[in-house]
Amino acid sequence: MREGTAGEVFVAFLKLGLTSFGGPIAHLGYFRDELVTRRRWLSDSAYADLVALCQFLPGPASSQVGFALGMMRAGWLGALAAFFAFTLPSALILLAFALSAGAIEGPAGTGVLNGLKIVAVAIVAQAVWGMAKSLCPDRERATIAVAAVAVLAFMPGAIGMVGAIVLGAVVGLILGRGTGDARSSHVATPVTRGQAIAALLAFAGLLIVLPLLAGAAQPVAVIDAFYRSGALVFGGGHVVLPLLESETVRTGWASADDFLAGYGAAQAVPGPLFTFAAYLGAVLEPAPNGVAGAALALVALFLPGFLILVGVLPFWDRFRTLAFAQSLMQGANAAVVGILGAALYSPLFTSAIGDLREFTLALVSLVLLTVWKMPPWGVVLIAALGGLALSLLR
């Protein structure tokens, strides 16, 4: 990966933060289209390696991938630039929603939201097809991808996802296709081993110490609740919702109505679903709430995922240059393609496509992306208008 600047990273991820609808799986499709296909910051295989790593770790997978891409491109400043640019648009929108207590209601709002769900199907379909061509070029790896889908069919959720990647890695090791030459997809990070170990110690230390201090003050209790939610969730996105509900609604910090209203608004904005924390932090009772509560909750929820990512990055980069490690990653990458394919069907297709007209809009979006080469933000706009039109025609 050629070295870039933090400004370049900020601009690229701000565009993604403003246009990446559809949740973490869709975000990976947006990232690949913008940073692998268009900007050529790294190869498909290196990108798939990074996706596979972040699927293994707790935290918001798409935001972790973005954080790592920013770091690989422009160092620590690049990592921060990627995080803030990708996160702030949706966080600010949800904060404004919390402070104004407004809501998107009626057929028009529902139609636009449906259009955004439909375009996510097209984005992920494009990503799955593109990654399948480069990462499943033979029948063995294509079989691994299908096997990953089968694993998730019988064992859905984070456990099945990790199991599918482990199975793919084991089969890849048995096939033994690695050469030990990773120069074509090598990506470097500025993280030293000492910094990595410090990050891992911080991750574990906060997980142990914060609950012990939570009774001392409400701000510490808020940090503990959101940090623990971010540290214990695998897969990111929607998986974190039950944890957040337990930490806020069941403790009486937020009402069930407020929680559901914020969750509905989070579906209508681009960027990571973890920015739902900004909304929750703003509506918490007692204080801290408002802007201070939003900032506290947002940082606490994202922090553990980034700490553990920094802790494993340097070891991962050296590990993947070995022949047997490449064999492992080839199998794991094929499994990632299967995981994305399974997610394309459920929850994306099953929740977004309800009839032939919605399926037609998804096909139109896919053709605009793949044949007409229209930028994703343009397709998102067209799909939103299409969803509005379908809603008004019902």
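Predicted model: local features only at pLDDT ≥ 70, side-chain atom pairs only at ≥ 80, totals over all residues.

User: Let's begin with the whole chain. How do you know that its size agrees with a compact globule?

Analyst: The chain has 394 residues, and for that number a compact globule would have a radius of gyration near 21 Å. The chain has 20 Å, so the value agrees with the rule. Its C-alpha atoms fill a box of roughly 60 × 55 × 45 Å along the principal axes. Of the residues, 55% count as buried.

User: What is the secondary structure made of?

Analyst: The count comes to 16 helices and 0 strands. As for contacts between residues at least 6 apart in sequence, 77% join residues at least 24 apart. The chain exposes about 16300 Å², with 71% of that supplied by carbon and sulfur atoms.

User: Why is I339 called buried?

Analyst: Buried means a relative accessible area under 20%. I339 has 4%, so the word applies. This residue is found in helix α14, which covers residues 323–352.

User: What makes A148 a contact of I339?

Analyst: Contact means heavy atoms within 4.5 Å. Leaving aside neighbours within four places in sequence, I339 is in contact with A148, L152, M161, A164 and I165. I165 is 174 residues from I339 in sequence, while their C-alpha atoms are 8.5 Å apart in space.

User: And L88: why is it called partly exposed?

Analyst: Partly exposed covers the range between the buried limit of 20% and the exposed limit of 50%. L88 has 34% relative accessibility, so it falls in between. L88 sits in helix α4. From L88 to C136 there are 48 residues in sequence and 36 Å in space, C-alpha to C-alpha.

User: Why is the pair of F83 and F302 called edge-to-face?

Analyst: A pair of aromatic rings is described by the distance of the centres and the angle of the planes. Rings pair if their centres lie within 6.5 Å, and planes over 60 degrees apart count as edge-to-face. A search of the whole structure finds 11 aromatic pairs. In the pair of F83 and F302, the centres are 5.2 Å apart and the planes make an angle of 70°, which is edge-to-face. F83 lies in helix α4 (residues 61–100) and F302 in helix α13, so this pair ties together parts that are 219 residues apart in sequence.

User: How do you know how α2 and α4 pack?

Analyst: Two packed helices are described by the angle between their axes and the distance between the axes. For α2 and α4, the angle is about 35° and the axes are 9 Å apart. On the α2 side, P24, H27, L28, F31 and L35 take part, meeting S62, V65, G66, L69 and F86 in α4. These residues divide into 7 nonpolar, 3 polar and no charged.

User: What makes the phi of R40 worth a remark?

Analyst: Most residues other than glycine have a negative phi, and most peptide bonds are trans. R40 is not a glycine, yet its phi is positive, near 55°. R40 is placed in the loop between α2 (24–38) and α3 (44–56). Exposed means over 50%, and R40 has 67%, so R40 is exposed.

User: Where else is there a positive phi of about 55°?

Analyst: K373 has one, although K373 is not a glycine. K373 lies in the loop between α15 (356–370) and α16 (376–393). Its relative accessible area is 58%, so K373 counts as exposed.

Key: Residues numbered from 1 in each chain as written. Heavy atoms only, no water. Helix = DSSP H or I, 4+ residues; strand = E, 2+ residues; numbered from the N terminus. Buried < 20%, exposed > 50% of the residue type's maximum accessible area, 1.4 Å probe, protein only. Phe/Tyr/Trp six-rings, centres within 6.5 Å; stacked < 30°, edge-to-face > 60°. Axes fitted to C-alpha atoms, helices over the stretch in contact; angles between N-to-C directions. Nonpolar A, V, L, I, M, F, W, Y, C, P; charged D, E, K, R; others polar. Rg over C-alpha atoms; globule rule 2.2 N^0.38 Å. Areas by Shrake-Rupley, 256 points an atom, 1.4 Å probe, with all protein chains shown as cover.
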